[in-house]
Amino acid sequence: MITKADKTKQFIIEKSAPIFNTKGYAATTMADILKATKLTKGGIYGNFGSKDEIAVAAFEYAFNQLRQALQFLVSQEKTASGKLLAILQFYRNYVVRLKVEGGCPLMNTAVDADDNIPFLKEKANKALKELLGSLEYIFQRGVDNGEFTKELNVAKEALLFFSIIEGGMMMSKVTDNPKMLGSLLDHLKEQVISRYKK
């Protein structure tokens, strides 16, 4: 059963996640969180011991929104190529689908944390490994069922596939030009349709 305290904690996380994801850890203040939640300091600190705890919970929440949205689309597809194409379509409409504003929580947190915020860097690293592992699984499934060529280096392709998507998002965001991401996604789509096949 969800308690009132649990609901308040979740409320704080949901209100804080867009702030951390948009402004970053250093620029997000407790005043920002108080303003967004309209709670007192006691209401915040009665649920979280520090800004660090809120930041971790906010990242986990934002990343979980990304994970769930991706999993839903991927689970609708039966083939490995269908799953990869669903991922590409998801990122093509990523800004529209966002449940937590500010862009990709993984990319934002990885850049924000770098070597200065080790506890957030560790969370981002774990999330990255999870996404890469899921991609490797899809590629391996395609190889195992004869859909993709046996010569495919599953780990290398998963890394390249995800790097192109994240790099495309970063370049599109910096230049305010979504066509950059679109072009790279088109390239990956061609790879899925032709190069990976037997």
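Which residue lies over the face of Y25? Select Y25 and look: K51 lies there, at 4.2 Å from the ring centre. A charge sits over a ring if NZ of Lys or CZ of Arg is within 6 Å of the ring centre and within 35 degrees of the ring normal.

Before moving on, some ground rules. This is a predicted model, in which local features need pLDDT of at least 70 and side-chain atom pairs count only at pLDDT 80 or more, while totals for chains, interfaces and linings use all residues. Residues are numbered from 1 along each chain as its sequence is written, and side-chain values use heavy atoms, with hydrogens and water left out.

**Stop 1: rings**

Select K9 and F48. The charged end of K9 sits over the ring of F48, 5.2 Å from its centre.

Now turn to ring pairs. Rings of Phe, Tyr and Trp (its six-membered ring) pair if their centres lie within 6.5 Å; planes under 30 degrees apart count as stacked, over 60 as edge-to-face and the rest as tilted. The whole structure holds 6 aromatic pairs. One of them is F59 with F63, a stacked pair with 6.0 Å centre to centre and 15° between the planes. Both sit in helix α4 (residues 51-75), 4 residues apart, which is about one helical turn. Helices (H or I, at least four residues) and strands (E, at least two) are DSSP runs, numbered from the N terminus. F59 and F63 are both buried. Buried means under 20% relative accessible area, exposed over 50%, partly exposed in between (1.4 Å probe, protein chains only).

Next, select F139 and F161. This pair is edge-to-face, with 5.8 Å centre to centre and 80° between the planes. F139 lies in helix α8 (residues 118-144) and F161 in helix α9 (residues 154-175), so the pair ties together parts that are 22 residues apart in sequence. F139 is buried, at 0% relative accessible area. F161 is buried too, at 1%.

Then pick F20, Y25 and F119. Ring pairs link these residues into a cluster.

**Stop 2: two helices**

Show helix α7 (residues 105-113) with α8. They pack at an angle of about 140°, and their axes are 9 Å apart. Axes are lines fitted to C-alpha atoms, for helices over the stretch in contact, and angles run from 0 to 180 degrees between N-to-C directions.

Which residues make the contact? From α7, select L106, T109, A110 and A113. From α8, select L120, K121, A124, A127, L128 and L131. Contact means heavy atoms within 4.5 Å. By class, the contact has 8 nonpolar, 1 polar and 1 charged residues.

**Stop 3: single residues**

Select S172 in helix α9. S172 is buried, with a relative accessible area of 10%. Leaving out residues up to four places away in sequence, S172 touches N177, P178, M180 and L181.

Go to D176, in the loop between α9 and α10 (178-195). D176 is not a glycine, yet its phi is positive, about 55°. D176 is exposed, at 69% relative accessible area.

Compare K38, in the loop between α2 (30-37) and α3 (41-45). Phi of K38 is near 60°, a positive value in a residue other than glycine. Is K38 buried or exposed? K38 is exposed, with a relative accessible area of 72%.

Finish at T3, in the segment before α1 (4-23). T3 is partly exposed, at 39% relative accessibility. From T3, find F90: the two are 87 residues apart in sequence and 34 Å apart in space, C-alpha to C-alpha.

Definitions and conventions. Nonpolar A, V, L, I, M, F, W, Y, C, P; charged D, E, K, R; others polar.
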